[in-house]
Amino acid sequence: QWIYLNGEFVTKENAKVSVYDHGFLYGDGIFEGIRVYSGNIFRMEEHMDRLYRSAKSIMLAIPHSQEELTSLIAETVERNGLEDAYIRVVVSRGVGDLGLDPYKCKEANVVIIVEPLAIFPKELYEQGLEIVTVATRRNRPDVLSPKVKSLNYLNNVLVKIEAHLANVSEALMLNDQGYVAEGSADNIFIIKGNTFYTPPGYIGALEGITRSAVMDIAEGLGYKLKEEPFTRHDVYTADEVFLTGTAAEVIAVVKVDGRVIGDGVPGFHTKTILEEFRKRVVSEGVK
Ligand code: PLP
């Protein structure tokens with residue numbers, strides 16, 4: 001396995017950054033998770049746009065143009081010879097002193113890791129997930145925008161811990177007003193009748209790229225789509241519920257806080273979207 005690290009391709013054992021890196025000391029940095037399907041990188045440009053928007057928002061200078069970084073990612077994929085893979089791009093503020101001041105960090109650290117996939121087991125797609133809502137809230141958009149895919153993932157980590165404590169594999173975060181925001185690393189959709197609902201970005205959700213692909217697919221199939229705030233009640237009483245994310249793709253949710261959703265099995269519309277999504281990922285990807 002070859003990892004890109006600041007201009008070099010190194011082995012996993014040699015892929016090391018300093019303990020003075022501000023990504024390590026303060027979670028000061030950003031990242032992206034991207035999928036490769038049959039050798040094609042899925043929605044690369046959207047991921048790169050989001051990475052550069054995240055960088056701009058936190059005033060982090062990525063030491064490559066978007067075009068350069070795009071080709072470095074493609075090169076890392078090629079060197080690892082994987083047809084189906086998960087790519088992790090991390091850009092941290094870089095090495096500074098122990099103080100918080102990011103202006104003392106001379107240059108960002110850039111890391112590209114390409115690995116075989118580790119997604120939810122196949123049975124979970126067939127059975128659907130049981131999830132719970134947790135006490136951890138999504139950070140307010142005016143404090144640190146959830147649109148920034150930053151290395152500050154503590155609330156997402158706490159969501160995972162709460163999910164484990166409840167013996168489920170995923171959980172839902174509400175925002176500070178109690179509206180449903182998203183999962184620990186995935187967006188939520190609910191379906192009622194012929195309409196798909198997903199929380200708008202301002203509620204406190206990352207604008208997921210799988211989310212936007214699913215919105216395109218749903219509209220293309222003639223479903224109605226509404227980006228509007230909703231509560232746990234709306235989730236409990238939905239016909240179908242599913243989560244979307246680069247790693248999870250589209251996965252049905254069949255139980256929320258003990259309430260059975262629909263018939264308690266992945267619903268027709270969710271399965272239709274997953275099938276369509278899996279067809280598109282290859283055709284929409286780029287070499
Ligand atoms: N929400 C959060 C907090 C995430 O970290 C992710 C993962 O990237 C998502 C949602 C899903 O976004 P995407 O579909 O772009 O992977």
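Modeller: Start with the buried residues of helix 6, which are Ile209, Thr210, Arg211, Ala213, Val214, Ile217 and Ala218. Buried here says that 20 or more other C-beta atoms lie within 10 Å of a residue's own; 12 or fewer is exposed, anything in between is partly exposed, and the C-beta atoms are placed from the backbone. Helices are DSSP runs of H or I with at least four residues, strands are runs of E with at least two, and both are numbered from the N terminus. Bear in mind that this is a predicted model, where local features need pLDDT of at least 70 and side-chain atom pairs count only at pLDDT 80 or more, while totals for chains, interfaces and linings use all residues. Residue numbers run from 1 along each chain as its sequence is written.

As for its length, helix 6 has twelve residues and its end C-alpha atoms are 16 Å apart, which agrees with the 16 Å it should span at 1.5 Å a residue. That expected span is 1.5 Å times one less than the number of residues. Just after helix 6, Gly222 takes a positive phi of about 90°.

Helix 6 also gives the most to the shell around the ligand, with three residues. The ligand is surrounded by 14 residues, the closest being Leu206, Gly208, Ile209, Thr210 and Thr246; a residue is near it if its C-beta atom, placed from the backbone, lies within 6 Å. Ile209 and Thr210 turn up among the buried residues of helix 6 too. Strand 13 (240–245), like helix 6, supplies at least two residues of the shell. By class, the shell has three nonpolar, eight polar and three charged residues.

Now for a neighbour. Helix 6 (209–220) is part of what covers the buried residues of helix 2, and the cover also includes strand 3 (29–37), strand 4 (40–41), helix 3 (66–80) and strand 5 (85–92). The buried residues of helix 2 are Met44, His47, Arg50, Leu51 and Ser54. Seen down the axis of helix 2, they fall within an arc of 130°, so they line one face of the helix; the arc is that of the directions from the helix axis to the C-beta atoms. On the face turned away from the buried side of helix 2 you'll find the exposed residues Glu45 and Lys56. Helix 2 (residues 44–57) has 14 residues and reaches 20 Å from its first C-alpha to its last, close to the 20 Å expected at 1.5 Å a residue.

Met59 is found in the loop between helix 2 and helix 3, and it is exposed, with 9 other C-beta atoms within 10 Å. Most residues other than glycine have a negative phi.

Helix 3, another piece of the cover over helix 2, holds Val77. Val77 is buried, with 22 other C-beta atoms within 10 Å. Leaving aside its neighbours within four places in sequence, Val77 is in contact with Val36, Ile41, Leu82, Ala85, Ile87 and Val114. Contact is counted when C-beta atoms, placed from the backbone, lie within 7 Å.

Finally, step back to the domains. The protein is divided into domain 1 (2–115) and domain 2 (122–284), with bounds that come from an automatic or database domain assignment. Taken over C-alpha atoms, 26 Å separate the two centres. In the interface, 23 residues of domain 1 are in contact with 13 residues of domain 2. On the domain 1 side, strand 3, helix 2 and strand 5 each supply at least two residues, and strand 3 gives the most, with eight. That side has seven nonpolar, ten polar and six charged residues.

Technical notes. Two residues are in contact if their C-beta atoms, placed from the backbone, lie within 7 Å. Ala, Val, Leu, Ile, Met, Phe, Trp, Tyr, Cys and Pro count as nonpolar, Asp, Glu, Lys and Arg as charged, and the others, Gly among them, as polar.
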